[in-house]
Amino acid sequence: MTRITRLIAAGGFAGLLAVVTDVVLQTVPPDRRPFSRPVRSRVEIEAPIESVWEILADLPGQVRWMPEMKRVSVVTPGPVRQGSVGEATVRIFGIAVNDRVTITTFRPPTSFGIEHDGLFGGYGRIELRPGRDAGTTTVEWEEQLVPPLLPALGWLMGRPMIAWLYQRDLFLLRDLVEDQPRVASG
């Protein structure tokens, strides 16, 4: 057997093993699969909840604190609300994809939720609540992505990196909000 033939055979075996692993993982309920639950991230921001919401809910401006997101637009006319549709160009693991989302929850200034309707499925929810005092805000983000190929295995393999990216994004949101000039209250 030549070296190329061995490489092709090894690649075919690895692909078959990945498919079988994904099929087996899908027989286990998602909440019982190892490392398959949604990603959860959290940050405390030294700013009132309204200031955090203003930056978080600025959909085109989300590129300022989500570096993988390259462009965001709102497809539906009118103000952003539950049912609005947005599209973003997102670069995941070096691959650009179009991420179309429907806003499932929009309750200023406390709750923002989406359903991924593009190549990747899944959902995301961001909840804001007052922190330890009126000048701080706690932000909690939960996200579950469903890859188009090998969905169970793909999420299992990609989840650690996604968890790191989303936590980093919340730190960037915190830095962006905290760096905003504050209006002095009288």
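Which side chain does the side chain of Glu143 join in a polar contact? I found Trp141, at 2.8 Å. (A polar contact is a pair of N or O atoms within 3.5 Å; within protein, one must be able to donate a hydrogen and the other to accept it, and residues adjacent in sequence count only if both atoms are side-chain atoms.)

Before going on, I noted the ground rules. This is a predicted model, in which local features need pLDDT of at least 70 and side-chain atom pairs count only at pLDDT 80 or more, while totals for chains, interfaces and linings use all residues. Residues are numbered from 1 along each chain as its sequence is written, and side-chain values use heavy atoms, with hydrogens and water left out.

**Glu143, continued**

I placed Glu143 in strand β7, residues 137-146. (Strands are DSSP runs of E, at least two residues, and helices are runs of H or I, at least four, both numbered from the N terminus.) Glu143 is buried but has no salt bridge, and Arg125, the nearest side chain of opposite charge, is 9.2 Å away. (Buried means under 20% relative accessible area, exposed over 50%, partly exposed in between, with a 1.4 Å probe and protein chains only; a salt bridge is a side-chain nitrogen of Lys or Arg within 4 Å of a carboxyl oxygen of Asp or Glu; Lys and Arg count as positive, Asp and Glu as negative, and His and the chain ends are not counted.) Setting aside residues up to four places away in sequence, I saw Glu143 touch several others, including His116, Tyr123, Trp155 and Tyr166. (Contact means heavy atoms within 4.5 Å.)

**The sheet**

Next I traced the elements from the N terminus: α-β-α-β-β-β-β-β-β-α. The seven strands form an open antiparallel sheet in the order β1-β7-β6-β5-β4-β3-β2. (Two strands pair if DSSP finds at least two bridges between them.) β1 (39-45) and β2 (69-74) stand at the edges with a single partner strand each, so one side of each has no neighbour in the sheet. I also noted that neighbouring strands are turned by 20° against each other on average, direction ignored. (Axes are lines fitted to C-alpha atoms, for helices over the stretch in contact, and angles run from 0 to 180 degrees between N-to-C directions.)

β1 pairs with β7 over seven bridges, and Ile45 stands opposite Thr137. Which residues make up the covered face of β1? They are Val39, Ser41, Val43 and Ile45, whereas Arg40, Arg42 and Glu44 are on the uncovered face.

Helix α2 (residues 49-56) lies across β1, β4, β5, β6 and β7, at about 155° to β6. Helix α3 (residues 151-178) packs on the sheet too, touching β1 and β7, and its direction makes about 10° with that of β1.

**Between β4 and β5**

β4 (95-107) and β5 (111-117) pair over six bridges, and Phe106 has Phe112 as its bridge partner. Most peptide bonds are trans.

**Salt bridges**

I listed 11 in the structure. Glu87 meets Arg100 at 2.4 Å between the closest N and O atoms; Glu87 is in β3 and Arg100 in β4, so the pair ties together parts 13 residues apart in sequence. Asp169 meets Arg168 at 2.8 Å, and Asp169 is buried at 2% relative accessibility.
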